[in-house]
Amino acid sequence: MALREKLRVMVVDDMSTSRGLITQALDALGIANYATASEGKSALQGILKSPVHLVISDYNMPGMDGLHLLHYMRQTPQTQKTGFLMVTGRADPQIIEKGKKLGMNNYLTKPFDTDQLRKAIEAIVGRL
């Protein structure tokens, strides 16, 4: 069984259009085992109930942004080692640096295509 068939992913973005674009790309890559959340708190609750291998999260969200979600994940034993890919429209060097210090595995700048998403995911989990 290929990694893409086993991989469990949580997609977190407050914009339904962005969630849709990411999940369409995951479908195109053959990754069908994913859940979605519209904000950080519900994503965190979801992955504590049903663990995932990778979180693909937007940076800019109301309430708990992507870096806060990452911080909570790295402080929680059950999610400490979960892969984290941040997707952002603002690749501000300070945001990226803070993400790396918090344990972000990779990031991707919007807009992106399916191949860029595949490469960003593979840099974290290995070849799909």
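## Contact between α4 and α5

In this predicted model, Leu67, Leu70, His71 and Arg74 of α4 meet Ile95, Lys98, Gly99 and Leu102 of α5, contact meaning heavy atoms within 4.5 Å. The residues of this contact comprise 4 nonpolar, 2 polar and 2 charged; Ala, Val, Leu, Ile, Met, Phe, Trp, Tyr, Cys and Pro count as nonpolar, Asp, Glu, Lys and Arg as charged, and the others, Gly among them, as polar.

Helix α4 spans residues 66–75 and helix α5 residues 93–102; their axes lie 10 Å apart at an angle of about 10°. The two helices are therefore roughly parallel (angles under 35 degrees). Axes are lines fitted to C-alpha atoms, for helices over the stretch in contact, and angles run from 0 to 180 degrees between N-to-C directions.

## The sheet

Five strands form an open sheet in the order β2-β1-β3-β4-β5, with parallel pairing; pairing requires at least two DSSP bridges between two strands. Strands (E, at least two residues) and helices (H or I, at least four) are DSSP runs, numbered from the N terminus. At the edges stand β2 and β5 (106–109), each pairing on one side only. Direction ignored, neighbouring strands are turned by 20° against each other on average.

## Pairing around β1

Strand β1 (residues 9–12) pairs in the parallel sense with β2 (residues 34–37) over 4 bridges. Val12 has Ala37 as its bridge partner in β2. The chain passes from β1 through helix α2 (residues 16–28) to β2 in a right-handed β-α-β crossover; right-handed denotes a clockwise path from the first strand over the helix to the second, with the strands pointing away from the viewer.

Strand β3 (residues 54–58) also pairs with β1 in the parallel sense, over 4 bridges. In β3, Ser57 is the bridge partner of Val12.

## Basis of the values

Residues are numbered from 1 along each chain as its sequence is written, and side-chain values use heavy atoms, with hydrogens and water left out. As the model is predicted, local features need pLDDT of at least 70 and side-chain atom pairs count only at pLDDT 80 or more, while totals for chains, interfaces and linings use all residues.

How values were computed: Parallel < 35°, antiparallel > 145°, perpendicular 65-115°, else oblique.
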